[in-house]
Amino acid sequence: MSLELYLDLISPSCRAIYIFAKMNNIHFDYFPMDVLQGQQHSKEFEAISVLRKVPVLREGSFILAESVAILLYLTHKYSTSIYWYPPNIHTRASIDEYMAWQHEGMHITMEKVLWSKLLIPMITGQEVPKEKMDDILEEVQTNLQLFCDHFLKDKPFITGTIISLADLMAVVEMMQPVSASYNIFLGKPKLNAWRLRVEETVGSRLFQEAHQKLLTIKKWDTSILHPSVREKILIMIESITT
Ligand SMILES: N[C@@H](CCC(=O)N[C@@H](CS)C(=O)NCC(=O)O)C(=O)O
């Protein structure tokens with residue numbers, strides 16, 4: 001039974017799964033998706049997942065959404081290296097803790113920078129008002145500080161001396177502002193050293209491959225937006241600017 005992964009590498013959680021599967025030599029059939037073109041709303045994809053979001057895993061009749069669930073499933077099912085999600089109960093709990101925190105503490109915050117600094121101006125031709133931008137960037141700095149103080153501390157990686165699922169999920173999120181020319185690692189030597197360690201462990205080639213679409217998003221042709229995506233964008237603009 002083949003393993004199918006429906007991913008759009010523009011999405012941080014999809015990049016984490018892509019990198020994880022490649023690093024662990026998990027063979028999968030890759031179904032590249034384009035959420036900015038609304039492919040998640042197609043009849044074919046809706047038949048696979050009514051959630052209409054990526055990532056999605058399909059293995060025969062077994063279908064799984066949600067990146068954390070997918071990563072854990074791959075960890076349990078395939079013989080992945082033990083350090084990704086070690087059996088020690090406290091180490092495992094620390095990884096779970098980060099993965100529970102990251103959706104609000106990291107994903108939403110980092111996504112806001114990508115949208116407000118790059119995508120909204122690209123799509124609407126209008127800059128996000130400076131006060132709103134300042135609020136967003138302040139939230140980013142606060143959450144990065146929380147990440148450093150609570151999760152990373154003075155360790156090379158979140159769980160200690162070796163990479164885990166938590167590091168992988170964190171770094172792909174932090175690349176979102178980078179694609180909007182807001183390098184959150186600048187002026188943060190400890191955080192930057194951690195990022196370089198993660199990138200080196202993943203392998204620069206695979207890291208770049210997984211991030212290529214995101215880092216060239218400036219070339220995206222916004223004149224051909226799917227109507228549902230345009231609608232979502234308006235909701236996003238509203239939530240950022242009001
Ligand atoms: N909590 C979900 C989030 C999934 C999600 O929001 N995916 C986004 C890409 S990052 C998506 O598919 N967006 C398309 C849409 O909302 O229409 C996970 O971690 O997998």
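Helices (H or I, at least four residues) and strands (E, at least two) are DSSP runs, numbered from the N terminus. The model you see is predicted: local features need pLDDT of at least 70, side-chain atom pairs count only at pLDDT 80 or more, and totals for chains, interfaces and linings use all residues. Residues are numbered from 1 along each chain as its sequence is written.

**The whole chain**

- The protein chain contains nine helices and four strands, and along the sequence they follow the pattern β-α-β-α-β-β-α-α-α-α-α-α-α.
- Its radius of gyration (taken over C-alpha atoms) is 18 Å, close to the 18 Å from the globule rule for 242 residues, so the chain is as compact as a globular protein of that length. That rule is 2.2 Å times the number of residues to the power 0.38.
- The C-alpha trace spans about 50 × 45 × 30 Å along its principal axes.
- Of the 242 residues, 35% are buried. Buried means that 20 or more other C-beta atoms lie within 10 Å of a residue's own, exposed means 12 or fewer, and partly exposed is in between, with C-beta atoms placed from the backbone.
- Two residues are in contact if their C-beta atoms, placed from the backbone, lie within 7 Å. Among contacts between residues at least 6 apart in sequence, 71% join residues at least 24 apart.

**Around the ligand**

- The ligand is surrounded by 11 residues, and the closest are Ser11, Ser13, Val35, Lys53 and Ser67. A residue counts as near if its C-beta atom, placed from the backbone, lies within 6 Å of the molecule.

**Loops to visit**

- Ile26 sits in the loop between helix 1 (12-23) and strand 2 (29-32), and Ile26 is partly exposed because 16 other C-beta atoms lie within 10 Å.
- Leaving out residues up to four places away in sequence, Ile26 touches Leu3, Ala21, Leu74 and Tyr78. Leu74 is 48 residues from Ile26 along the chain, yet their C-alpha atoms are separated by 8.4 Å.
- Val54 and Pro55 are joined by a cis peptide bond, with omega about 5 degrees. Pro55 belongs to the loop between helix 2 (43-48) and strand 3 (56-59).

- Glu66 lies in the loop between strand 4 (62-65) and helix 3 (67-77), and phi of Glu66 is near 75 degrees.
- Ser181, in the loop between helix 6 (165-179) and helix 7 (189-202), has a positive phi of about 60 degrees. Ser181 is exposed, with 9 other C-beta atoms within 10 Å.
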